[in-house]
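Trainee: I would like to learn how to read packed helices and sheets in a model. Please take one feature at a time.

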Amino acid sequence: MANQDFEFEIEKIIGESHKELPIPPTLPLVPVRDTVIFANMILPLIVAREGSIQAVERAVAQDRLIFLVAQKDQTVEEPGPEDLYTVGSVGLVLRMMKLGDGRLKILVQGITRARIMEFLELRPWLRIRLEPVPDLTVGRPPVEIEALMRNVREQSEKILSLKGLLSQDIIAILNSVEEPGLLADLVASNLRLRIEEFQTLLEQVDPFERLQKVNEHLGKEVEVSTVQARIQSEAKEEMSRNQRDYYLREQLRAIRRELGEFDERSQELAEYKAQIDGLHLPPEAKEEALKQVSRLEQMHPDSAETSIVRTYLDWIVGLPWDKKTKDKIEVKTAERILNEDHYDLTKVKERILEYLSVRKLNPRMKGPILCFVGPPGVGKTSLGRSIARALWRKFLRISLGGVRDEAEIRGHRRTYIGALPGRILQGLKQVGVNNPVFMMDEIDKLGADYRGNPGAALLEVLDPEQNFSFSDHYLSLPFDLSAVMFITTANLGDPIPSALRDRMEIIEISGYSAEEKLEIARVYLWPRQIRENGLKPEQLSINRETLLKIINEYTEEAGLRGLEKEIGTICRKIARKVAEGNKGPFKITRNNLHRFLGAPTYLPDEIRKVHEVGVATGLAWTSTGGEVLYIETTVMKGKGNFLLTGQLGEVMKESGQAALSYARSRSRKYHLKETDFDQWDIHVHVPAGAIPKDGPSAGITMAVSLLSALTGIPVNKDIALTGEITLRGKILPIGGLKEKTLAAIRAKIKTILIPEQNQKDLEELPRSIRRRIQLIPVRDMDQVLEQALIRSPSKARQKSAVRKGRK
């Protein structure tokens, strides 16, 4: 129930006194949202709640008396006893009218104040037992009472006069009230007070004290009304002056139009000048902008250069020179947001929170540019969105993949037709502020050709010591980029130009293990796809084993994009069934998964069942994660040729040559003669020949495969190898240890030989991974061969396969 919105005006009338009406001990109760009813006041109310409508109809059918009390919280739709004040007014329903939408409009008069003693019924309407609360006898001298009442009347008349609402009728009403309590109620009911303040006045049973509080509120209202009247007067004067200026300008335009001297350009030029004056431009930018406005004024409207200057001015006034969002850096909130949006990534989150903490303590910090490096689909871009959300900044993203033209970054010079600023300023104009979180994706895929090097152009953008005066070729004006928080992403760190990499802090984001993917799918991806496909969680279910089968047999990636696509496929097929009328519920299991996704796309590599001669298991690190490579070597009679196949890159071929040189240097140890290498051809092959392969970490795998083929000693099928080899047999460190380890686990390999210098990287591997596989650090090839080769009986150790073949 609510009353209409009243200005401060004495238009509520004092009704005829009904004090002689007997007040029954119980009455129906109607909660009121936004007003407090005082005794003897008449006002209209709209009744909308079903319970309140029934209570009013019951009251009208009996003695027309209801109890009206204010709610403590106006937003509560079905208030209970705890939501209502205890003191209200007994009201008399004078009139009632039903509206077309089922609501009631009533005219009600307050009778007397009363207090709720007990709630007798809560349904279908509220019924209470009450006790009247009459006013106390005024114990003040009549002179003091009269002085206070006169002061209240004068202040009320002053307020009404300031608002232009004073009339003789209102003065007569105020002067006719002789009781302090009634005057207090009359004036209070017309004030703009909060519900709590109205309720305090209603609960005050001493008429003199109540009138004193009303007098205090009137004093505040007089001050506000005085200032408001002054503001309105000034605004009216300003409006009159503006109207006069407008009238004169219109007359001037009419005269010019009659003389043939007027065109629309005058208004356009005036708007440009007003916009330039309203911007906080640097001095050189403002000077250049006004200079271009003067040029535009002198140009013929049909000349080609007019549109060029107009476009240039549009860009100047459209850029956010001084518009920015206010940072709200709360580290705890940022941590909560990162945990809500991303699973695990503990070290990455810690670094981001450290960065935000420093920014909070030193907002002017010229910190490093963060660069997230990791395979596709691991959450690099979404991390940027989370940072923007944590900072309450706007988010802007551009992709640099395949960008070859420097003008994409710096813009084109205005001498070219169709010239525009670069993508940096275009993005800032689009987002409308000069301090967004600006993410540049795929920075490792920048190109370069005869049109310039965009990587070199980015040096000025990403260097905190230079970007405070970034100069775009199109604007030729310095623009401050120091407030922008730049974040870059890449799949690989090596292709990033060294000068750019020097200005950035690389944060590695590795791929996810099957267990991590399982948790992410269960907590994030599955609920999100259910929601996006219009389904409800109770309509379909999937267990952990089925999700794990999707991960292992339908996806082969370090990230999560393929996994989410497969989950989305399942949800779409379920959505079609639901749309066709089959309500389910549906349960996806390992046995019926093929009905939704078809046959498995990626079958696990066939597990080697026996130890083989010349076949070694290597590990590779690609942009999509880790992979297992089986390197095969065979020895045949020939002329000492050394053949490498499998579409290998130059680095991998050099690793094969180094492995051969190492084997020849250790020929005496393995009972090989130097002449043997001239009489036999050696062929090293890496299967999956259609896929290009390169990298130095296959060196020790090639060496083990080669020596196994030459000596006839089998290679342990349960051991995988990774590391670069030198001619002296030393093992050099490698990268992508986590990705390679995950690939070995997928292939059910039990042990990995890693370079000794990579022991420091073991701390970064989750415990769940380290528990599932043994990682043995090795320093040189002697240790590698000791672990990797299966030593057969002494005859096999004394005679090599080559020597046996020769005999």
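**Helix packing and a sheet**

Mentor: Start with a pair of helices: H21 passes H23 in a right-handed crossing. Keep in mind that this is a predicted model.

Trainee: How is such a pair described, and what are the values for H21 and H23?

Mentor: Two packed helices are described by the angle between their axes and the distance between the axes. Here the axes of H21 (residues 650-665) and H23 (residues 699-711) cross at roughly 45° and come within 8 Å.

Trainee: Which residues of H21 and H23 meet?

Mentor: On the H21 side they include Met-652, Gly-656, Leu-660 and Ala-663, and on the H23 side Gly-699, Met-702, Leu-706 and Leu-710 are among them. The residues of this contact divide into 10 nonpolar, three polar and no charged.

Trainee: Now the sheet. In what order do the strands lie?

Mentor: Strands of a sheet pair through backbone hydrogen bonds, either parallel or antiparallel. In this open sheet five strands follow the order S8-S9-S12-S7-S13, with parallel pairing. S8 (395-399) and S13 (504-508) stand at the edges with a single partner strand each, so one side of each has no neighbour in the sheet. On average, neighbouring strands are turned by 25° against each other, direction ignored.

Trainee: How many bridges join S8 to S9?

Mentor: Five, and the two strands run parallel. Phe-395, for instance, has Val-437 in S9 as its bridge partner.

Trainee: Which helix lies across S9?

Mentor: H12 (residues 380-391), which lies across S7, S8, S9 and S12 and runs at about 175° to S9.

Note on methods:
Residues numbered from 1 in each chain as written. Predicted model: local features only at pLDDT ≥ 70, side-chain atom pairs only at ≥ 80, totals over all residues. Heavy atoms only, no water. Pairing = 2+ DSSP bridges. Helix = DSSP H or I, 4+ residues; strand = E, 2+ residues; numbered from the N terminus. Axes fitted to C-alpha atoms, helices over the stretch in contact; angles between N-to-C directions. Contact = heavy atoms within 4.5 Å. Left-handed = near helix turned anticlockwise from the far one by under 90°. Nonpolar A, V, L, I, M, F, W, Y, C, P; charged D, E, K, R; others polar.
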